Amino acid sequence: MRAALYTAEGRLIRPRQIFAFSLDEGLFVPAAALDLTVSDLIYEPVTDILIYDGDSLLFDGFADRQQAIENSQGAFTRLRARSRGALLLDNEARPQTYQRTTAEDIFRRHLAPHGFTEIRGHRQALSSFVVGKGMSEWEVLTSFLDKTTGAYPRILPGGIIDIETYLKSEKRVHLSNTRPGAVRYTGYEVRYDRMAPISQVLIADENGLYSTCVRNPVAEKSGISRRRYLTTPKEYADAPVRNAKLRIRSSMEEYFSVLVDAATPSAIGLLDLCIFEPMKDYDGELIATRRTISLTSGGWQTKAVLQDKRHLEMDLTEEKEESYVAVTTPSIP
């Protein structure tokens, strides 16, 4: 692991040693968070930070806080940084109403001005789209996608925005303490949060009657009862079922997860398809949706969160009649 720091004047600093390191990143947040402590005393303001794992770029972002410290423990500099997606959180979007707009239009007007280079994925237009007062640039993008493809946007290296409508795994990782060549784990936890899922959403029609019910079979099969009555927001007036499905899908993000610890810095990456030995008979696909890489006195460690891919890919297609959300219940070995 090596760091490259750039000052406001463009000077490159290569720290002699990394004392402490923590990188936290997830699929559902646009900005990764970095905490870095290096051996050098740096008095000039650092603006840009790049972290490499071998030849691979692990982090590309900017410094939020910098502390040059000398005390009884020694001399060092602490840096706190976020990846470039934070620009989309920190900047408020201009309120306006678009007519017949596409994802490309949203990208050109709201993301490209902040240095992002390209948008990839499906193209779908909205006849009308409102950017409300107080929305961040990131909220503009996610709101547009909620109303079109239902995609999870990802920020890729080089400033590329990926808006594919599915969660595509590029790498398969075996997590096993017996299989040759597999990633060794030091601990794990299988977690269910029964307070998270919404079991039913009942939608009010134009007469004020709750005539449409969107169900979540996972919650109902598990005996979870968390019903919601929905008066559809104005922006979803033409897609009330979609709005209900989005709420149920969001509630499922915290329902089931596997937390895995590994004593290695970057063996598990976001969106990796993970075959987890203690759950080798599991009939679903577990993908990594979050990871924290850290260096402490005990050495390198990765903490990864695995989730059932099916829970994150609920069908958001509009339906005229009562709707059933297709998700399945994971099993514990």
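Biologist: Which are the buried residues of helix 3?

Modeller: The buried residues of helix 3 are Glu 137, Trp 138, Val 140, Leu 141, Ser 143, Phe 144 and Leu 145, where buried means under 20% relative accessible area, exposed means over 50% and partly exposed lies in between, with a 1.4 Å probe and protein chains only. This is a predicted model, in which local features need pLDDT of at least 70 and side-chain atom pairs count only at pLDDT 80 or more, while totals for chains, interfaces and linings use all residues. Residues are numbered from 1 along each chain as its sequence is written, and side-chain values use heavy atoms, with hydrogens and water left out.

Biologist: Why is helix 3 described as largely enclosed by the rest of the structure?

Modeller: Because seven of the 10 residues of helix 3 are buried, the helix is largely enclosed by the rest of the structure.

Biologist: And what do the buried residues of helix 2 pack against?

Modeller: Helix 2, residues 103–111, has Ala 103, Asp 105, Ile 106, Phe 107, His 110 and Leu 111 as its buried residues. They pack against helix 1 (86–90), strand 8 (96–101), strand 9 (118–121), strand 10 (126–131), helix 3 (137–146) and strand 12 (160–163), with contact taken as heavy atoms within 4.5 Å.

Biologist: Zooming out, how many helices and strands are there in the protein chain?

Modeller: The protein chain has five helices and 22 strands, counted as DSSP runs numbered from the N terminus, with helices being H or I of at least four residues and strands being E of at least two.

Biologist: What about the radius of gyration of the protein chain?

Modeller: The protein chain has 22 Å, which agrees with the value near 20 Å that a compact globule of 333 residues would have; the radius is taken over C-alpha atoms, and the globule rule is 2.2 Å times the number of residues to the power 0.38. The C-alpha trace spans about 70 × 55 × 35 Å along its principal axes, and buried residues make up 47% of the 333 residues. Of the contacts with a separation of 6 or more, 63% are between residues 24 or more positions apart.

Biologist: Is Tyr 185 buried or exposed?

Modeller: Tyr 185 is buried, with a relative accessible area of 15%, and its place is in the loop between strand 13 (172–175) and strand 14 (187–192). The C-alpha atoms of Tyr 185 and Ala 263 are separated by 6.9 Å, although these residues are 78 residues apart along the chain. Leaving aside neighbours within four places in sequence, the contacts of Tyr 185 include Leu 175, Val 260, Phe 276 and Pro 278.

Biologist: Changing topic to the backbone, what is the phi of Arg 100?

Modeller: Arg 100 has a positive phi of about 50° although it is not a glycine; this residue is found in strand 8 and is exposed, with a relative accessible area of 62%. Leu 271 also has a positive phi, of about 75°, without being a glycine, but Leu 271 counts as buried at 4% relative accessibility and sits in the loop between strand 18 (256–262) and strand 19 (273–276).

Biologist: Last one, how many disulfides does the count come to?

Modeller: The count comes to zero disulfides, where a disulfide is a pair of cysteine sulfur atoms within 2.5 Å. As for individual cysteines, Cys 213 is buried with a relative accessible area of 8%, and Cys 274 also counts as buried, at 4% relative accessibility.
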